[in-house]
Amino acid sequence: MSDKKQSNQKGSGKKQKTAIQPTRLENYAEWYQQVVRAAEMAETSDVRGCMVIKPWGYAVWENIQQGLDGMFKATGHRNAYFPLFIPLSYLEKEAEHVEGFAKECAVVTHHRLEPDGEGGLQPAGALEEPLVVRPTSETIIGSTFAKWIESWRDLPLLINQWANVVRWEMRTRLFLRTAEFLWQEGHTAHATEEEAMEETLKMLEVYREFATEWLAMPVITGEKTEGERFPGAVNTFCIEGMMQDRKALQAGTSHFLGQNFSRAQDITFADRDTNIQHAWTTSWGVSTRLIGGLIMTHGDDDGMVMPPKVAPAHLVILPVLHKEETREQVLAYCERLAAELRSCRYGEAPVRVELDARDLRGGEKSWQWIKRGIPLRVEVGPRDMEQDAVFVARRDRPHSEKASIGRGEFIEGIDSLLEEIQVGMLHRAREHRDDHVRVIDTEQEFYDFFDKGSEGGGGFAMTHFCGSTELEDRIKKDLAVTVRCVPTRGQGLPGQDEAGTCPFTGEPSATRVVWAKSY
RNA sequence: CAGGGCGUAGCUCAGCUUGGUAGAGCGGCGGUUUUGGGAACCGCAGGUCGCAGGUUCAAAUCCUGUCGCCCUGACCA
């Protein structure tokens, strides 16, 4: 957020200083919307609360899917698919679960349309039992698990599903909160409590690693307090990132469900001693919200900045084609360059290359790619071709900073250049996060930290906490600040593992918790 | 669901108070001139003014109803 603003001089100054207006400092929420649009990642649809994910945004999701899916498979999970529709009675089985989701369920009540006599259509054929469009699939998957699981030999059962879900939200924001969103939900069943808890934490660690290594998004892992827990869960764990406005984003959750759902849905197995037992279950998920987190972690006042690992394309080749005489040669040179680069690898994956030969003015074209956040822009004109060189600009550097590099050298170094950008983005984000984590030991300091200037101050406050729900409610009411998590020990957060006393009540506290405003 | 605001061209909006031939900028298309940088000029296309009633010789404009969207709250991945 500290990027300098070039002031535009009067007279000559018709130049816009940034591609996105307002800037992050001027109006963060509006900046976010503008980036989503300018980067062509998504747009609002004609359907209230639902978004259209555009190709450039969907490609990010595909890369996220690919990365995570590999990690799920590597930890023994298999993909399956369960119905979009959940019988109403299934949701009713787990009391807390019903209560948690009842207010945001879309319900299907009819199965036919017929003419209404005025040229329109009306629903007909009422269903005997209404169907709920899944807000999450614990119940329908649980009921299936009940059939699949008979013996301890059937456990653990490790299933994941990639799907869409619907939660009828009042207020929506692209990627961060939409009525329909895409996600993955893992559901597992285990013979013992220990094993289920181990699974819960293992998947939390998978999320932490993915967020860090792929999204270049530093996250804190931890456990939710009672008030923030998933409906029906015994424990909810999460990864929390800090956005550039210093608000927290819950980027993924992993739930230890105990035997709550297995009791409600009769998921039982015969153990080694032939006793019938209830299985221990878990569920865990991340959603297209990660893309919102990506934008708010890395985007700048010129638009999106994509971490190479999940960028739809790693680089774009922009041929300089205005001279008719050299046009064909330049284009041929660029196509050869593209082919050579595509045969290179970045990590496990082939280098993803775009060649943009559209008949647009160079500046406009260039800015489109800047706004989309492509990691590298490679300009190639007659002059470069003569020297067998390319003109390279990095998205993580100011847009005017470009350098000529020999073609061979560039191709050879592409893997390490992309990795340098990826790692640099993580460092930068981590620095920003660390700069705004504060250890706080008095109530006064706590209130000042979050109070001063509604936008300017704040961040993550680390305090001791007695665990009182009433206290948490009071602070939420006063400051719109909540406990984001009780952090997992040993993450190197400042002062986190010391024992102390709650600054609000004076009660003893074993560990510090993370407080923040959140999305 | 409560409070506030807004529905006019693909987009952003003016016009409405004081009723009288539907506007601008951007974008799109075509052309000319440009070209290592978010270009300029000329021309063209594009709207039953959210929808339904009402008042009136006449409604984008006034009245009633209705639908939708946005913002602020409560709720949430």
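Glu205 comes out as partly exposed, at a relative accessible area of 36% (buried is under 20%, exposed over 50%, partly exposed in between, with a 1.4 Å probe and protein chains only). Its salt-bridge partner is Arg208, with N and O 2.8 Å apart; the cut-off here is a side-chain nitrogen of Lys or Arg within 4 Å of a carboxyl oxygen of Asp or Glu. Arg208 is partly exposed too, at 27%. Both residues sit in helix α6, three residues apart, about one turn of the helix (helices are DSSP runs of H or I, at least four residues, numbered from the N terminus).

The model is predicted: local features need pLDDT of at least 70 and side-chain atom pairs pLDDT 80 or more, while totals for chains, interfaces and linings use all residues. Residues are numbered from 1 along each chain as its sequence is written, chains are lettered from A and ligands numbered from 1 in written order, and side-chain values use heavy atoms, leaving out hydrogens and water.

Across the whole structure, the search turns up 25 salt bridges. One of them pairs Asp396 with Arg394, again at 2.8 Å between the closest N and O atoms. Here the two ends are buried: Asp396 has a relative accessible area of 18% and Arg394 has 11%. The pair belongs to a salt-bridge network that also takes in Arg397, Glu401 and Glu420.

Another bridge joins Arg438 and Glu445, at 3.0 Å from N to O. Arg438 is partly exposed at 35%, and Glu445 is likewise partly exposed at 28%.

Methods: Helix = DSSP H or I, 4+ residues; strand = E, 2+ residues; numbered from the N terminus.
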